[in-house]
Amino acid sequence: MKDAELLVLQVLKTPRARREFLLHVLKVHWADYIGHTAASHSQPYKLEDGVLYVHTDNPMWSSQLHMLQGKLLGTVNRELAPELQGRKRIVKQIRFYHGIIEELPRPELEQKPFMPQRDNERRCPKCGVPLIGDEELCFSCRQKQVEETRRAIRRELDKRPWLSYEDCRKLVECDKITFTDVKARLEEWALDRALGPRATDREIAFAVMVNTGTPPEKLTAELVERTLEKAGRSRYYVPARRK
């Protein structure tokens, strides 16, 4: 959230006014949070009780965005309230819907939901189905392209696990959300193996490099020990419940 937006939010006193302004901010910056392609198929519709309702123009997009909800929640909350540093979430859940959400009319919700705009004159160059909006590929072909991109990212990380997004995008055309998700899955898998009783030095080094972004020539025994210790604590830590 920009400084000017933070100032406006501080001025607003009622919960409803703050909620409506936060929804406005989400709409304005939506493409920055999820990427322009995904933003062309989705739009925030309502923010209520910590739940963000998002309309999509295709049920497959609802499914795909739902799978990325964890990363998207982190991004949204970090941008809306950077000063909280993850200690509290403004948006606790995101629900994706295709079409219209039927509910009793309420004055504050009188706005048109996001609906698909199919262009029969434009066709997917790979399979020939009508395209929606300004998309260049249909969802099915786009999904195949995304999977190919994910595999390409994984291949580069297998060879150079310390790669950052900025370095990876020089090798593979990808967006930050996809790269972050692929790397997070690889990091979790690598740390699980590194913490196992039969982990090899190679597996341990790989896990530390992907976790810290450190190239092999800068690995130290202290860094390896500290990384594994931290990873071990996070796996076995169980937060106490409030009474």
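Biologist: What is the relative accessibility of D167, which counts as partly exposed?

Modeller: The model shown here is a predicted one. A residue is buried under 20% relative accessible area, exposed over 50%, and partly exposed in between. D167 falls in the middle class, because its relative accessibility is 33%.

Biologist: With which residue does D167 form a salt bridge?

Modeller: The closest N and O atoms of this pair are 4.0 Å apart. The salt bridge joins D167 to K170.

Biologist: Is R150, which forms a salt bridge with D181, buried or exposed?

Modeller: The closest N and O atoms of R150 and D181 are 2.9 Å apart. The aspartate, D181, is buried, with a relative accessible area of 7%. R150 has a relative accessible area of 18%, and the limit for a buried residue is under 20%. R150 is therefore buried.

Biologist: How many residues apart are R150 and D181?

Modeller: R150 lies in helix α6 and D181 in helix α8, which covers residues 176-194. The pair thus links distant parts of the chain, and the separation is 31 residues.

Biologist: Which residue is linked with R150 and D181 in a network of salt bridges?

Modeller: The structure holds 10 salt bridges. R150 and D181 form one of them. The network that contains this pair also includes R185.

Biologist: Why are R226 and E222 separated by about one helical turn?

Modeller: R226 and E222 form a salt bridge, the closest N and O atoms being 3.5 Å apart. R226 is partly exposed at 46%, whereas E222 is exposed at 57%. An α-helix has 3.6 residues a turn, so residues three or four places apart point the same way. The two residues are about one turn apart because, in helix α10, their separation is 4 residues.

Biologist: In what order do the 3 strands of the open sheet stand?

Modeller: β1 and β2 pair in the antiparallel sense over 6 bridges, while β2 and β3 pair in the parallel sense over 6 bridges. The pairing in this sheet is mixed. The edge strands, β1 and β3, each pair on one side only. The order is β1-β2-β3.

Biologist: Which residue in the turn of the β1 and β2 hairpin has a positive phi?

Modeller: E48 has V51 in β2 as its bridge partner, and K46 stands opposite Y53 in β2. The hairpin leaves 2 residues between β1 and β2. The residue in the turn with a positive phi, of about 55 degrees, is D49.

Biologist: How many of the residues of β2 are buried?

Modeller: In a regular strand the side chains alternate between the two faces of the sheet. In β2, V51, Y53 and H55 point one way, and L52, V54 and T56 point the other way. Both sets are buried. The strand is mostly covered, and the count of buried residues is 6 of 6.

Notes. Residues are numbered from 1 along each chain as its sequence is written. This is a predicted model: local features need pLDDT of at least 70, side-chain atom pairs count only at pLDDT 80 or more; totals for chains, interfaces and linings use all residues. Side-chain values use heavy atoms; hydrogens and water are left out. Two strands pair if DSSP finds at least two bridges between them. A salt bridge is a side-chain nitrogen of Lys or Arg within 4 Å of a carboxyl oxygen of Asp or Glu. Buried means under 20% relative accessible area, exposed over 50%, partly exposed in between (1.4 Å probe, protein chains only).
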